[in-house]
Amino acid sequence: MKTAIIGGTGLYSAGDGRQIIQETEYGKAHLDVIDIDGMEVAFLARHGRGHTVPPHRINYRANMKALYDLGVRHVYASVAVGSMNPSYKPGDLVVLSDFLDFTKVREQTYFTGGEAGVRHVDMTDPYCKNLRQLFFDKAAELGVPIAGSGVYVTTEGPRFETAAEIRFMRLIGGDVVGMTNVPEAVLAKELGICYSAVGIVTNWCTGMTEDISGHEIDQLVGGRKDELTRLFIEVFKMHPVQSNCQCNASLI
């Protein structure tokens, strides 16, 4: 198994398959494995089935290590995001190009000293440049509109951001905000996994415009999740290789 899709809010099923529980030294990860035209794809529901795990309690290290142990080397992830960029409206798809991290209490590394040692990881390309380009190319081929690229701001959650925080985040270059992409992207880089993420804009950030309800978020995500999953799978069918990026050579 070489490929996986990580789903966020509202993106929990990519098809029929078998369920597995993968044990790691960091805990268990629950996954679905689906067969698509003879190609196995692992699917991981980031918040658990039924959305039972809040963003600050997700076991990111177990999730990413489970995928790695299964042989996964290419991952696409979806993330539900709020927009602080007037060009990106609810319902848009935004490919993440960089991130700003404002999390506080999460385990962000596999290298914690002792037997694990001390290593650093290069974040020149936080998201695999090859997977990003393949996604843009396939979206254009299939006629799926992509709003553009954006800088993702990660907050601890589970609360939403204040209007003052959003004003600050806009000033320092943020485009969209969410609660889950860090440390997921960092851990993928430490493991040498090619990882790319696409945001589904569900709402305007606090202070940008009127509030949006949870029901409306579900509707917006549901309207884009099928085509997003289809795009991910179509890229996987191209059998991407790691020789087109530096993701598996990022440890220092």
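**Labels and their cut-offs**

Analyst: R159 has a relative accessible area of 48% and is therefore partly exposed, since buried means under 20% relative accessible area, exposed over 50%, and partly exposed in between, with a 1.4 Å probe and protein chains only. This is a predicted model, in which local features need pLDDT of at least 70 and side-chain atom pairs count only at pLDDT 80 or more, while totals for chains, interfaces and linings use all residues. Residues are numbered from 1 along each chain as its sequence is written, and side-chain values use heavy atoms, with hydrogens and water left out.

User: What makes the contact of E165 with R159 a salt bridge?

Analyst: The closest N and O atoms of E165 and R159 are 2.9 Å apart, and a salt bridge is a side-chain nitrogen of Lys or Arg within 4 Å of a carboxyl oxygen of Asp or Glu, so the pair qualifies. E165, at 25% relative accessibility, counts as partly exposed.

User: How many salt bridges does this rule give?

Analyst: The count comes to 12 salt bridges. One of the pairs is R46 with E184, whose closest N and O atoms are 2.9 Å apart. R46 lies in the loop between β4 and α1 (60-69) and E184 in helix α4 (residues 181-191), 138 residues apart, and the pair thus links distant parts of the chain; helices (H or I, at least four residues) and strands (E, at least two) are DSSP runs, numbered from the N terminus. Both R46 and E184 are buried.

User: What makes the surface patch with F168 nonpolar?

Analyst: The patch, of about 400 Å², is made by F102, F168, L171 and I172. Patches are made of residues with over 30% relative accessible area and no salt bridge, like charges being joined within 9 Å and nonpolar side chains (Val, Leu, Ile, Met, Phe, Trp, Tyr) within 5 Å, with accessible areas from the Shrake-Rupley method and a 1.4 Å probe, where for residues only the protein chains shown count as cover.
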